[in-house]
Amino acid sequence: MAGCGSHDPVWRMKAQLTLLQLQQEDVVTSHPDDYSHVNSTFNQGEALLTDQADEDAADQQYKLAYQKGLVLKQEVVLYKERLKEEARQKAIEERAIREEEARSRLEAERKRQQELEEAQKALQKSQRNDAVTDVVSHPVQLTSYTVRRGETLPQIAARPELYNDMALWPLIYRANRDQIRDPYQLWPGQTLKIPRNFSREEALEARRQAHRRNP
């Protein structure tokens, strides 16, 4: 081998170690062009040492490869720190989005509950004000009812011409299971059967069910 009997150039081992460290950091994948430049410079030193036995010239190439490697190592450190920061910022943004979605859901549920309570209060007030008039206007007990826009089963059951008791809505629900899935999601124009021949026990069970479910 060329150079046999003499020591390796001073910078050769440092350059080799730097190349090995860059490989372990997977710089070949993250910074392929930069790594190629460092490796090429080292190979030029190898050629000078092996083919021309010029240790001084080879050592200059090894030193240059080592210096380039140090610069590249620093770039890799900064690159990884940037990736970590980007990942951290992304996690923060995703968490903020999830929290905002949760707040929106809670606000929508609160608003829905408030609207429901207001509708129930308005219905109860209307029942108190119009009870006598409704009884006179609707002396016949209806056995069917056509749903109006925005009505729910509790509202329908509370109508004076029907049960005048919103807690009896399960009676209507059971009689119309073939067309009702949710007591709070009715369609305008639906014709519902209104049970009339029910026992006291059935009425009590309906009230218990209404209190349990509170739809």
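This is a predicted model: local features need pLDDT of at least 70, side-chain atom pairs count only at pLDDT 80 or more; totals for chains, interfaces and linings use all residues.
Me: Which residues of helix 3 are buried?
Reply: Y35, V38, T41, F42, G45, L48 and L49.

Me: Where do they sit, seen down the helix axis?
Reply: The buried residues of helix 3 fall within an arc of 150°, so they line one face of the helix.

Me: Why would residues a few places apart point the same way?
Reply: An α-helix has 3.6 residues a turn, so residues three or four places apart end up pointing the same way.

Me: And the other side of helix 3, which residues are exposed there?
Reply: D33 and D51 are exposed on that side.

Me: What does A53 do just after the helix?
Reply: A53 takes a positive phi of about 55°.

Me: Zooming out, how many helices and strands are in the protein?
Reply: Seven helices and two strands. From the N terminus the order is α-α-α-α-β-α-α-β-α.

Me: How much of the protein is buried?
Reply: Of its 215 residues, 29% are buried. The protein exposes about 14,700 Å², with carbon and sulfur atoms supplying 50% of that area.

Me: What about contacts between residues at least 6 apart in sequence?
Reply: Of those contacts, 64% join residues at least 24 apart.

How values were computed: Residues are numbered from 1 along each chain as its sequence is written. Side-chain values use heavy atoms; hydrogens and water are left out. Helices (H or I, at least four residues) and strands (E, at least two) are DSSP runs, numbered from the N terminus. Buried means under 20% relative accessible area, exposed over 50%, partly exposed in between (1.4 Å probe, protein chains only). Contact means heavy atoms within 4.5 Å. Accessible areas come from the Shrake-Rupley method with a 1.4 Å probe; for residues, only the protein chains shown count as cover. The arc is that of the directions from the helix axis to the C-beta atoms.
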